[in-house]
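Keep the 3D view open and work through the points in order.

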Amino acid sequence: MTSETIAALQNALSKGGCNLIDVREDFEYQLGHVPGAQNIPLSRLGQDYNSLDKGQTYHVICQSGGRSAQAVAFLEQEGYQAINVEGGTSSWTGLLESSEN
């Protein structure tokens, strides 16, 4: 399984065109997520992964790295390119974006 540090993710995001998937549940994502992250909860990944493009690489993040590791293992098994973000949003040094009104 391929993994990267938060610093590597921040570098990839700064260059643009980075596909970031947050696999935490909806309520966790809404409380604060890395800007630009798409929310596909791990609990729904089995149904929703078909919307992803096998020609793209996906960076996968959760709170600390456990659920994202499970998601990356699943996606790789299905033929996708995926990278686990070590430390998750707990390690993010920038501001988290909130979806709350």
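**Notes on the fold**

1. Let's start with a strand pair. E1 (residues 3–4) and E5 run parallel and are joined by two bridges. A pairing is called when DSSP finds at least two bridges between two strands. Strands (E, at least two residues) and helices (H or I, at least four) are DSSP runs, numbered from the N terminus. As an example from this pair, glutamate 4 has valine 85 in E5 as its bridge partner.

2. A word on what you are looking at. This is a predicted model, where local features need pLDDT of at least 70 and side-chain atom pairs count only at pLDDT 80 or more, while totals for chains, interfaces and linings use all residues. Residues are numbered from 1 along each chain as its sequence is written, and side-chain values use heavy atoms, with hydrogens and water left out.

3. Now the overall plan. The protein has four helices and five strands, and along the sequence they follow the pattern β-α-β-α-β-α-β-α-β. The strands build an open five-stranded sheet with parallel pairing, in the order E1-E5-E4-E2-E3. E1 and E3 are the edge strands, each pairing on one side only.

4. Back to E5 (residues 81–85). Four of its five residues are buried, so to speak mostly covered; buried means under 20% relative accessible area, exposed over 50%, and partly exposed in between (1.4 Å probe, protein chains only). E5 also pairs with E4 (residues 57–61), in the parallel sense, over four bridges.

5. How does the chain get from E4 to E5? Helix H4 (residues 66–77) belongs with these two strands in a right-handed β-α-β unit. Right-handed here means that, with the strands pointing away from the viewer, the path from the first strand over the helix to the second runs clockwise.

6. Next, E2 (residues 19–22). E2 pairs with E4 in the parallel sense over four bridges, and asparagine 19 has tyrosine 58 in E4 as its bridge partner. E2 is also joined to E3 by two bridges, again parallel. Isoleucine 21 is a handy landmark: opposite this residue stand valine 60 in E4 and glutamine 38 in E3. From E2 the chain crosses through H2 to E3, and this β-α-β crossover is right-handed.

7. Take a look at histidine 59 in strand E4. Is this residue buried or exposed? Histidine 59 counts as buried because its relative accessible area is 10%. Its side chain makes a polar contact with the side chain of glutamate 4, at 2.5 Å. (A polar contact is a pair of N or O atoms within 3.5 Å; within protein, one must be able to donate a hydrogen and the other to accept it, and residues adjacent in sequence count only if both atoms are side-chain atoms.) Setting aside neighbours within four places in sequence, histidine 59 is in contact (heavy atoms within 4.5 Å) with residues including Leu9, Ala12, Cys18 and Ile83.

8. Then there is the loop between helix H2 (26–31) and strand E3 (38–39), where histidine 33 lies. Histidine 33 is buried, because its relative accessible area is 2%. A polar atom of its side chain lies 2.8 Å from the backbone oxygen of tyrosine 29. Beyond neighbours within four places in sequence, histidine 33 is in contact with Asp22, Arg24, Leu96, Glu97, Ser98 and Ser99.

9. Glycine 32 sits in the loop between H2 and E3 too. Glycine 32 is buried, because its relative accessible area is 6%. Not counting residues up to four places away in sequence, glycine 32 touches Arg24, Leu96, Glu97 and Ser98. The C-alpha atoms of glycine 32 and threonine 89 are 8.5 Å apart, although 57 residues separate the two along the chain.

10. Last, the whole protein. Buried residues make up 39% of the 101 residues. Of the contacts with a separation of 6 or more, 65% are between residues 24 or more positions apart. The C-alpha atoms fill a box of roughly 35 × 25 × 25 Å along the principal axes.
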